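Thanks for coming. I will go through one chain, starting with the order of its elements and ending with a few individual residues.

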Amino acid sequence: MGKNIAESIMGAVVLFIAAAFLFLFYSTTQIQTVEGYELTAEFEKIGGLQTGSDVRINGITVGSVINRSLDPEDLIPTVRLSIQNEVKLPSDTVAVIGNEGILGGKYVRLKPGQSKKFLQPGGKIAKTEDFKSLEDQVGRIIFFATSDPSAGGK
């Protein structure tokens, strides 16, 4: 009889600790989408970018990815972003899909330009840079390392 009570108490303690970890995880991560105005950007490759991913400027989260879709006419991936209302982006802003590391997730990095005109809600970021996978980067390094410098660029 005493063994069943001890097992029940230990089970309750384990459930309590699991609930505490879930609460801590949820409260420290930014799972919710950022409320603000919407922009779109088109990329050739999005490299596994997910809905809910961060949109950052210089490492600061200023928005989130709210949708990603494939344009049915030209088959180009289109990403819809939500940007905080207080963040005004110049019209020559560049959107880049970045990687948080080898095992990290993807995010959209915005590089604001110098234009005096700003993107309007519902607007489109015209300048984008596609996701560069690890394989692409290693391939470029190998290509440059094995290219013949005496060929004169031909």
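From the N terminus on, the protein chain runs α-β-β-β-β-β-β-β-β-α, which gives two helices and eight strands. Helices (H or I, at least four residues) and strands (E, at least two) are DSSP runs, numbered from the N terminus.

Some ground rules. This is a predicted model, where local features need pLDDT of at least 70, side-chain atom pairs count only at pLDDT 80 or more, and totals for chains, interfaces and linings use all residues. Residues are numbered from 1 along each chain as its sequence is written, and side-chain values use heavy atoms, with hydrogens and water left out.

Now the totals. The chain has 154 residues, and 27% of them count as buried; buried is under 20% relative accessible area, exposed is over 50%, and partly exposed is in between, with a 1.4 Å probe and protein chains only. As for contacts (heavy atoms within 4.5 Å), take those between residues at least 6 apart in sequence: 61% join residues at least 24 apart.

Next, strand S4. Six of the eight residues in S4 are buried. S4 pairs in the antiparallel sense with S1 over seven bridges, and S3 and S4 also pair in the antiparallel sense, over seven bridges; a pair needs at least two bridges found by DSSP. Valine 79 in S4 is the bridge partner of alanine 41 and also of arginine 68. The hairpin of S3 and S4 has six residues between the strands, and leucine 75 there takes a positive phi near 60 degrees.

On to the core. A nonpolar core is a set of buried Ala, Val, Leu, Ile, Met, Phe, Trp, Tyr and Cys residues joined through side-chain atoms within 4.5 Å. The largest one has 22 residues, and those touching the most other members include Val55, Leu81 and Ile83. S1, S2, S3, S4, S5 and S6 each supply at least two residues of this core. Not counting residues up to four places away in sequence, valine 55 touches Leu81, Ile83, Val108 and Leu110, among others.

Last, where does aspartate 130 lie? Aspartate 130 is in the loop between strand S8 (127–129) and helix H2 (134–146). Its relative accessible area is 24%, so aspartate 130 is partly exposed. Beyond its neighbours within four places in sequence, aspartate 130 is in contact with Phe43, Glu44 and Lys45. Glutamate 42 is 88 residues from aspartate 130 in sequence, and the C-alpha to C-alpha separation is 9.1 Å.
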